[in-house]
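Here are my notes for your first look at this entry. Keep the structure open as you read.

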Amino acid sequence: MEETMYSLDPQHESTSYAEVERWVSLASATALMAYGFSRRTLPGFCLAVAATPLAFRGVSGTWPRFNDWGSDDTRVALSGSRGIHVRESIRLERPVAEVYRFWRNLENLPRFMTHLEGVTDLGNRRSHWEAKGPAHMKVEWDAEIINEVEDKVLGWRSLPGSEIITAGAVNFSTVRGGRSTQVSVHLQYEPPARRAGALVATLFGRNPASMIREDLRHLKQLLEAGEIPRATGSLT
Amino acid sequence: MKAVRFYGTEDVRVENVPDPEILNPRDAIVKVTTTAICGSDLHIYGGYIPTMEKGDVLGHEFMGEVVEVGRDNHRLQVGDRVVVPFTIACGRCYFCKEQLWSLCDNSNPNAWMAEKLYGYSASGLFGYSHMYGGYPGGQAEFVRVPFADVGPLKVPATLSDEQVLFLSDIFPTGYMAAENCDIKPGDTVAVWGCGPVGQFAIQSARLLGAERVIAIDRFPERLALAASKGKAEVLDYEDIDVTDALRELTGGQGPDACIDAVGLESHGTTLDAWYDRAKTSMFLATDRPHALRQAIGACRKGGTISIPGVYGGWLDKFPLGAAFAKGLTLKMGQTHMHKYMPALLERIERGEIDPSFIITHRVTLDDAPEMYRTFREKEDACIKVVMKPGERTLAQ
């Protein structure tokens, strides 16, 4: 998991500032950094580092934003390495085509993802998702598939207006000389800064990786063994 | 139904619990006709097995009659008489396909618990803690058997319950222990522990062609059984120095293979055994590996250490240096039951072995609390207890 404090945002590149102001910023920053680093002392180093935002302004024409949770577009909120990243994978003894087909039918997902209540395929690569939130609250969002290569990869993102900002991809590959299939999930979601983010965090528990791992284990059990093992009446 | 339940260290009770139900498509419900207390149940009884909870139904050696089958179970029919392996396996994952049935990927609902302790989880087990799945066990009138289309072995009416019951665990466990020794003609195998698994390991070593078997224990009745039924030379470790005796018996070379059929509650008379007792009693160590240490020390160079005895946690003063210096091979793990059961049933049918020789006590389920104590204290020359749950029909 990683979080990045800021990133270059293409949407804001066009923000207009007088060219002269940008050149002044860049020149001042360069001077400060050159001076600071040339001192070869801790205060000098600090001065140089402190001039970084000014340099950023000089190049991009805008101050770096350290806390931009303003957009619910996944391309903004989760661009680059932003957001919380979860990576988990599992191997199973089923043909890759079968595993892909099962996953591509998104309405199958609640069968092995225990926090999901339902997924409705809206057609045209769009789907509606409902999950169990904390205190019996329901969390809903719409998503679209943005990348789809049969038997290889499935990528999706939540749509603007959703309660959740998330994106991810599942990669399907054959391993062990083609005898087994490996499913690798890379899930990204906005860290808990806003209400929705907090909901997601609660949804995934304190350790989102362990929840995804359990879901993948259920997928494997369902496809290999035909059922999810249980010792009691309830799946926990 | 009536069932034997765990309540804490040295506390088991016979109580009424709800009848089991089919929960998954491949399940079956078995009406238990005969069940047994296993030496490894005594590890639970002694409080050595983590993630046991109050009220858990014990027992993993059982057989009986199929009374109900799930909709996807096309191999069993109501009325079939079956022996059920103590390890639960799906039959379709990588490990099952590789014949490593006790390492099944898909049968432990609580795999995450075992992963925390061991890195990866082995298969689910009946009545053997929540870390191994939390499945109710077979010391009961009825049991739900998951993946019952691959586990239970149908047995012919010509053989009695007592002849086939031990296919559920201890006979295959002793057999795999001997097979792990990679026995060649002329080999000598030493077996630590002459309890039920040790007895079957001794007999299996003979079946697999060992020239000599040396059995080590301290209870006269167990050594006598090893000598009479297993044709083993016997050593009482309270009378003699086992390492010296083994050296002498093998012309200074040591046994070709050593089997530790004792496990984590080993007794001993040497200094390290007292050290283990002290440390485990102060919770500074979890297991007492005295027999294993001795086996590693006694084994010949390039030999094999086979470990059917159960270990659960961290071992202290483990002589890895000796194992390394002598180039030993260590083999261990829960038994890959499904791999061995059919062939061993054939051996029983051919009369090569009658596993019922091990039974010393025949009781009802109600006697379980008393018999756990008797078996643990090895009172009354107790070696193996079988229990008959009695007659009752499943409530619909």
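1. What share of the contacts in chain A with a separation of 6 or more comes from residues 24 or more positions apart? The share is 51%. Bear in mind that this is a predicted model.

2. Now the make-up of chain A. This chain has 7 helices and 7 strands. Read from the N terminus, the order is α-α-α-α-β-α-β-β-β-β-β-β-α-α. Chain A has 236 residues, and 25% of them count as buried.

3. Next, where the chains touch. On one side are 14 residues of chain A; they are in contact with 22 residues of chain B. Helix α7 (residues 208–225) of chain A gives the largest share of chain A's side, with 6 residues. By class, chain A's side has 7 charged, 4 polar and 3 nonpolar residues.

4. Turn to a helix pair in chain B. Two packed helices are described by the angle between their axes and the distance between the axes. Helix α8 (residues 242–249) of chain B packs against helix α10 (residues 290–298) of chain B at an angle of about 30°. Their axes are 10 Å apart. Angles under 35 degrees count as roughly parallel, so α8(B) and α10(B) are roughly parallel to each other. Their crossing is right-handed.

5. Which residues meet in this pair, α8(B) and α10(B)? From α8(B) come Val242(B), Thr243(B) and Leu246(B). From α10(B) come Gln294(B), Gly297(B) and Ala298(B). The contact of α8(B) with α10(B) has 3 nonpolar and 3 polar residues, and no charged ones.

Key
Residues numbered from 1 in each chain as written. Chains lettered and ligands numbered in written order. Predicted model: local features only at pLDDT ≥ 70, side-chain atom pairs only at ≥ 80, totals over all residues. Helix = DSSP H or I, 4+ residues; strand = E, 2+ residues; numbered from the N terminus. Buried ≥ 20, exposed ≤ 12 C-beta atoms within 10 Å, placed from the backbone. Contact = placed C-beta atoms within 7 Å. Axes fitted to C-alpha atoms, helices over the stretch in contact; angles between N-to-C directions. Parallel < 35°, antiparallel > 145°, perpendicular 65-115°, else oblique. Left-handed = near helix turned anticlockwise from the far one by under 90°. Nonpolar A, V, L, I, M, F, W, Y, C, P; charged D, E, K, R; others polar.
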